[in-house]
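Please look over the structure below before reading the briefing. The notes that follow are grouped by topic.

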Amino acid sequence: MEFPVRLSFHLSCPVAECSSDKIHELLPGLQWGDESDLMKASGEWPQAVVLIEDWFECDIDMRSDFPTEVNFVHFPGRVVGNEAIMLPTKLALLRLLSSIFECRVICAAGDFHREDDDVPLYSLSETFLCQGGRVFSTPVTDSLVFEGYRAKDGWRALDELPVTALDASGQLIDSDDAVRAIAGWIRVRDQTLLKEDIFDGLIHPKLPKPIPEAEQLKPTQEEIDAEMAREFPTEEEIDEEEWEMEEHFKRLKAWERGFGTTAGKQLLEDGISLPPADQLSDKELTEKLWQVIHGLAGKNTYLHSTNHLDDRELYTWLWQDALNEEIMSAAGLSDSGAHLDVVGSGDEAAKNISLIYYDRAADRADWHASWPDDPIPAHIDPQHDRDGRLPQSDAED
């Protein structure tokens, strides 16, 4: 599950013009906090937290009309399944952000549902835009709009959209009436555009300007050959790719039928012994642990989330659990890899370990929004710094 109930907006103004203080002033009745507050136990959290990200800083190759992302990751009433109240709340925040920063603001229409819910059509792909107090719509996901894509019919004004507003404490004014108004609008609105195939005529207006021929640098023959090699693989490379694909699915099918392998078997086949932890001194155990780690990497098998365990605890977990799990062998497959994640089981203990040691503030807030009755423990910095030294697959480099 990835941020199912985040109140996320993209603004067209530079991030330097968008401060959290200005947003706090919009709703002075809320007890505002910051990102660090979300690392405390959830019983100590403030009423609301907003995070601002500069997308140019995240990816210098990314260019967008909407470089600033504003996320309300902790906000009153923000829980899964509460779309009835949160859609009008989100629309009210859309208008507020557009007015206070005097810029265009976009947001996804939905994101308050679970994958198996019977959700309204609009919540799956539609994006809202607010500018100068007017709200517009396009049947294109906000991620595509962010990259500059538009539907062939462009933006459509939603002047019939009911206006919703928040009081100083972030609550909907006349909430029952606001919910009924938005629900009524959804029932009667024209959804013709939302039902069309948006990729039929999807346009990207930001085409790069051609460089004048006089300014173009002519590539050398070596550069031309290198580009050709990248664009057109050799017969040997094609044969290798086909073999890898066939071998991957062959091994996957075998694993699904119960004929996989284990990481422990692969290590033993390579002559790496696996004595119990209680038979090794601390020095011997650390040496054995790293022999195992590098032996696993040689079979395209990689460890994750180990910093909360000392060497003996990690080796014990490997010896008792991870090395005995049936997996698909990824040995010799350059595009495949097996992963042994200490917190990857998804059980209650693993979820708590992830929340305590590894999850970011935003992850913790989203988890609490999804399961508000489950308390979130305070963050603890892991005592070890092993993960940064672990071998990684080529895909992670």
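**Aromatic pairs and the rest of the model**

W371 counts as partly exposed, at 31% relative accessibility. This residue is in a predicted model, and its ring forms a tilted aromatic pair with that of W367. The protein has 397 residues, of which 41% count as buried.

**Overall make-up**

- The secondary structure consists of 14 helices and twelve strands.
- Among contacts with a separation of 6 or more, 70% are between residues 24 or more positions apart.
- The accessible surface is about 22200 Å², and carbon and sulfur atoms account for 50% of that area.

**Aromatic rings**

- There are four aromatic pairs in the structure.
- One of them is the pair F9 and F72, with ring centres 5.8 Å apart and planes at 85 degrees. Planes over 60 degrees apart count as edge-to-face, so the pair of F9 and F72 is edge-to-face.
- F9 belongs to strand β1 (residues 7-11) and F72 to strand β4 (residues 68-74), so this pair ties together parts that are 63 residues apart in sequence.
- F9 and F72 are both buried.
- In the tilted pair of W367 and W371, the distance is 4.6 Å centre to centre, with 40 degrees between the planes.
- W367 has a relative accessible area of 22% and is partly exposed. Buried would require a value under 20%.
- Ring pairs also join F9, F72 and F75 into a cluster.

**Salt bridges between separate elements**

- The structure contains 14 salt bridges.
- One of these joins the side chains of R156 and D190, at 3.2 Å from N to O. R156 is in strand β8 (residues 156-157), while D190 is in the loop between α6 (175-188) and α7 (192-195). The two residues are 34 residues apart, and the pair links distant parts of the chain.
- R156 is partly exposed, with a relative accessible area of 33%. D190 is also partly exposed, and its relative accessible area is 39%.
- Another salt bridge is formed by the side chains of D282 and R312, at 2.8 Å from N to O. D282 lies in helix α11 (residues 282-297) and R312 in helix α12 (residues 311-320), so the bridge ties together parts that are 30 residues apart in sequence.
- D282 is exposed, with a relative accessible area of 57%, whereas R312 counts as partly exposed at 28% relative accessibility.

- K283 and E287 form a salt bridge in which the closest N and O atoms are 2.7 Å apart.
- Both K283 and E287 lie in helix α11. They are four residues apart, which is about one turn of the helix.
- K283 counts as exposed at 60% relative accessibility, and E287 counts as partly exposed at 47%.

**Nonpolar surface patch**

- Which residues form a nonpolar patch on the surface? The patch is made of I224, M228 and F232, with about 300 Å² of accessible area together.
- I224 is located in helix α8 (residues 221-231).
- At 35% relative accessibility, I224 counts as partly exposed. A patch residue needs over 30% relative accessible area, so I224, at 35%, passes that cut-off.

Key:
Residues are numbered from 1 along each chain as its sequence is written. This is a predicted model: local features need pLDDT of at least 70, side-chain atom pairs count only at pLDDT 80 or more; totals for chains, interfaces and linings use all residues. Side-chain values use heavy atoms; hydrogens and water are left out. Buried means under 20% relative accessible area, exposed over 50%, partly exposed in between (1.4 Å probe, protein chains only). Contact means heavy atoms within 4.5 Å. Accessible areas come from the Shrake-Rupley method with a 1.4 Å probe; for residues, only the protein chains shown count as cover. A salt bridge is a side-chain nitrogen of Lys or Arg within 4 Å of a carboxyl oxygen of Asp or Glu. Patches are made of residues with over 30% relative accessible area and no salt bridge: like charges are joined within 9 Å, nonpolar side chains (Val, Leu, Ile, Met, Phe, Trp, Tyr) within 5 Å. Rings of Phe, Tyr and Trp (its six-membered ring) pair if their centres lie within 6.5 Å; planes under 30 degrees apart count as stacked, over 60 as edge-to-face and the rest as tilted.
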